[in-house]
Every structure is written in C-alpha cells, then in structure tokens.
Amino acid sequence: MAEPNTAAQPSQEFEKVLVNSSTDVASFDTHDKTPLQKIQHFLHSTPAAVPFVVLIASILVFGLAIGGRFFSSYTLTLILQQIAVVGMLGAAQTLVILTAGIDLSIGVIMVISAVVMGNCAVSYGLPAPLAVAAGFVVGGACGLLNGLLVSRLKLPPFIVTLGTWYVIMSTNFIYSENATIREADVTAVTQWLHVFGVNFKVGTAVLTLGVVAMVVLVFGLWYALNHTAWGRHLYAVGDDPEAAKLSGIRVGRVLLSAYTIAGLIAALAAWVSIGRNGSISPSAAVTDYNLQAITAAVIGGISLFGGRGSILGTLIGAMIVGVVSMGLNMLGADPQWKVFLTGVLIISAVAVDQWIRKVAA
C-alpha cells in the first residue's frame, strides 16, 4: 500500500493558519499638510525660490522709491557689470560650502592670480596666453593646497583657509613689492588681459564679456551639480560624509576637486577683474572679496551646513547685494546702510535655512 504524501502537509497547515489573518496592507499617514508646511516643503525642494522673491521685492521697492531711472536697462545692466567678479567668487565659494566647508582665501587667490598674469605679461614679456595660463596655474595650485590640507590631513576648512589667507596675502605683497601695474602698461603690451572688459549692446542694454563669462560659468556649474555624478557626490559629501563614504564615494577626492576648481574659478575672476578695473593692484588683497563671496552664497540660499542649495541662488544673492548697493547710492543714502542691510539679509537667510531644514529632520 502506498504511503500518504506528507511533503505537502506543512504548506497546507501553513495555509490554514493564514485563512483568518488580516488582509490589510500597510498605509502611511496622509493627512493634508497645512499651507505653511506646503510652503516649507516647496522652499526645501526649490532653494533658489527665497532669494528670487527677495530680489524681485528689492527691485520693486527701489524702483518705486527712485522712479523710472532705476528700471532703465542701463542701470540694471550696470548692476550685472558690478557683480561679475563677486558672482564668480561666490560660485567658487558655493562649491566649497556645499561640501560643508568654507574658503576664506578665495579673494586673495584671485588677487595673486591677477598679479602673476600682469607681471608675466608686462615685466617678463611673456605672450598673453602664457601669462593667463600662469595665473590659472597659481590659482589652481592655491586651491589644490587647500584641498590637500582638508582632504588628506583632515584639518578644519576654516582654520586651513584662514592660514592660507595669511600665507597667500603675504606672498602676494612680497612677490609684487606692492607695486601697481598701470592700465596703460598692460594695454601697451597686450589687449588680451582686458578682453573681459569689452562691452557690447543688446538693444539699449550695455553688457560686458565679463558678465557673459559669469553667466556661462554659473549655468555650467549648475549643469555639473545637477546632471553629473560629480555634482551628486558633492552634495552627498556635504550632507553626510560618513554615509557618502559607505556608499562608495571617494570623499577625499571630491573635497580635493571642490577646492581646486574653486581656485581655478578665482583665477578666472582675476582675469575678469583686470578687464573691469584696467590696472592690477596687489593691495586689492585687503578688500573684503572673501566676505562678499560668502555673502552672495548665504543670501542665495546655500546652507552653511552643506549639502543643500542651488548655485543659481548664489547668482541671485550677488544680484540682491548689487541691487541694494545701487539703490542706496541712487537715493544718496549713507553707505553704512548697505552694510546694515547686508547684515540683516545674512541673518535672515540663515534663519530661513534653519526653518527649511526642519523638513528634512
């Protein structure tokens, strides 16, 4: 007689147990968000929205206070010309801040790059392309030094770049002997160093090649940050370096690239500054280019805690500072009001960033 088939019994017993079990599926809380929460989530997903609203409001306020002169194409394009250098330095600073770092030396890297370009062309008689290339080598080398100290020696970015700020600034003065290279001397040798000062008209608007370079740079970096693996890695490192490392991202290499590219962008800003200013002054190293670049990034919605923000916001942040400065100048206000309003904007931007970050908490 054949033995009963017992192999199927376990599964049959298992099915009997499940007969009266619940068939409900897991569900998530789908309560409607309040209007304030919706705004919070929108701002979290669109970091450039807040600075854009502030920019439009600033233009409207000064336009109503000053009148039609402020809305003229000449005035608005003049603002773009004035922020070209700061916009580029802000873009460089943004790359570093997105990694949760900071570069206090970005301004003096720009100045020493300009000094090297000028001396190579005027004092050493090198062809203009080689002079420009020398400036880029210096800027890239300074950025590489910052990157190596941060990524390899694991030193805090604030301390590292504060130290290299002193080192680069003193090197700038020692090398140049604090001698200004006059515009006439540069022009006599080559026009190539002044190429970004060339202007052209679009209707009644007057633009310079420096403005075009700034816009192309910002949109190029926007594409790289949003549509390349390098950009995604940069955000990941700034958001959580340990998690990024565990996911296979080479954190040290990403940090090194961010600081090096920032140095190269500073060299490009140096070239643009020569075109705008004409002369090359080593004493420009004592100006607050570093603070202006950080200000543009922070007002533009770049989180100082890293991992969040849009580089388009940095451009808008630079434009906000330019609009405020131009508006107050046209109103004949005390220049200190510009400093006051800039401080208010910075504090407000950080407060909004903290509020928005609660969405991801």
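Select α3 (49–66) and α15 (336–357): each of these helices supplies at least two residues of the lining of the largest cavity. Helices here are DSSP runs of H or I with at least four residues, and strands are runs of E with at least two, numbered from the N terminus. The model is a predicted one, in which local features need pLDDT of at least 70, side-chain atom pairs count only at pLDDT 80 or more, and totals for chains, interfaces and linings use all residues. Residues are numbered from 1 along each chain as its sequence is written, and side-chain values use heavy atoms, with hydrogens and water left out.

**The largest cavity**

Rolling a probe the size of a water molecule over the atoms shows where empty space is left. A cavity is a set of points, on a 1 Å grid over the protein atoms alone, where a 1.4 Å probe fits but cannot get out; lining residues have an atom within 4 Å of a point. Grid points are joined across faces, edges and corners, and a volume is the space filled by probe spheres set on the points.

Next, select Val-50, Gly-301, Arg-308, Ala-349 and Val-352, which lie nearest the centre of the largest cavity among its twelve lining residues. The volume of this cavity is about 90 Å³. Which helix gives the largest share of its lining? That is α15, with four residues. Sorted by class, the lining has eight nonpolar, two polar and two charged residues. Ala, Val, Leu, Ile, Met, Phe, Trp, Tyr, Cys and Pro count as nonpolar, Asp, Glu, Lys and Arg as charged, and the others, Gly among them, as polar.

**The second largest cavity**

Now select Val-298, Ile-302, Ser-303, Leu-304, Phe-305, Ala-349, Val-350 and Asp-353, the lining of the second largest cavity. Its volume is about 50 Å³. Again α15 gives the largest share of the lining, here three residues. The classes are six nonpolar, one polar and one charged. In total, there are two cavities of 30 Å³ or more.

**Two loop residues**

Move to Lys-154, in the loop between α6 (128–151) and α7 (157–176). Its phi is near 60°, a positive value in a residue other than glycine. Is Lys-154 buried or exposed? Lys-154 counts as exposed because its relative accessibility is 63%. The cut-offs are under 20% relative accessible area for buried and over 50% for exposed, with partly exposed in between (1.4 Å probe, protein chains only).

Finally, select Asn-178, in the loop between α7 and α8 (183–189). Asn-178 is not a glycine either, yet has a positive phi of about 55°. With a relative accessible area of 44%, Asn-178 is partly exposed.

Terms used:
1 Å grid on protein atoms, 1.4 Å probe; cavity = no way out; pocket = protein on both sides within 12 Å on 5 of 7 lines; lining within 4 Å.
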